[in-house]
Amino acid sequence: MNAEVNGLEVQDGLLEAIRWRLNPSGVENRRTLRHLFLFIGAGPNTDWLAGSGVALDPKGFVLTGAEAAGDRRPLETSRRGVFAIGDVRSGSVKRVAAAVGEGAQVVATLHGVLTAAARPIGAVGA
């Protein structure tokens, strides 16, 4: 927490050590180790949505489904027909496999929406 990686030491293509700085103190540390796991993307990159009408939660994640508006489909944002999946979505589990599943779910939803839109008014069935 509150640390910034500022150096990796590599020898013969293998990680040997890591250097990091603690914020806000600026204290620098070094530790010999062979593996590094980073958790990035915890802050959503949604600034570009400003003024779009897509509702965000207080942390900047995109609201979907009933949280976006009472009449929205699962994964649909506050803008009808605009969907959000993966890490950017409020309440997501922040896992690649979950984002892939959400993408597949949205594709199936869109097929249904497009099929219904192509059906003449009053027609029954697909």
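Residues are numbered from 1 along each chain as its sequence is written. Because the model is predicted, local features need pLDDT of at least 70 and side-chain atom pairs count only at pLDDT 80 or more, while totals for chains, interfaces and linings use all residues; side-chain values use heavy atoms, with hydrogens and water left out.

**Exercise 1. Find how β1 and β2 pair, and name the bridge partner of E9 in β2.**

Step 1. Locate the strands. Helices (H or I, at least four residues) and strands (E, at least two) are DSSP runs, numbered from the N terminus. Strand β1 covers residues 3-11, and strand β2 covers residues 14-22.

Step 2. Apply the pairing rule: two strands pair if DSSP finds at least two bridges between them. β1 and β2 have 8 bridges, and their sense is antiparallel.

Step 3. Pick out E9. Its bridge partner in β2 is A17.

Step 4. Look at the turn. The hairpin has 2 residues between the strands, and D12 takes a positive phi near 55°.

**Exercise 2. Examine the salt bridge of R34 with E16.**

Step 1. Recall the rule: a side-chain nitrogen of Lys or Arg lies within 4 Å of a carboxyl oxygen of Asp or Glu.

Step 2. Check the distance. The closest N and O atoms of R34 and E16 are 3.5 Å apart.

Step 3. R34 is in the loop between β3 (28-32) and α1 (96-118), whereas E16 is in strand β2. The pair links distant parts of the chain, 18 residues apart.

Step 4. Classify exposure. Buried means under 20% relative accessible area, exposed over 50%, and partly exposed in between (1.4 Å probe, protein chains only). R34 has 46%, so R34 is partly exposed. E16 has 28%, so E16 is partly exposed too.

**Exercise 3. Which residues are linked with R21 in a network of salt bridges?**

Step 1. Start with one pair. R21 forms a salt bridge with E28, the closest N and O atoms being 3.4 Å apart.

Step 2. Widen the view. The network links E4, R21 and E28.

Step 3. Check accessibility. R21 is partly exposed at 26%; E28 is partly exposed at 48%.

Step 4. Turn to another pair. D71 and R80 form a salt bridge with closest N and O atoms 2.6 Å apart. The count by this rule is 9 salt bridges.

**Exercise 4. Is M1 buried or exposed?**

Step 1. Read the area. M1 has 90% relative accessible area, so M1 is exposed.

Step 2. Compare sequence and space. M1 and T46 are 45 residues apart in sequence and 22 Å apart, C-alpha to C-alpha.
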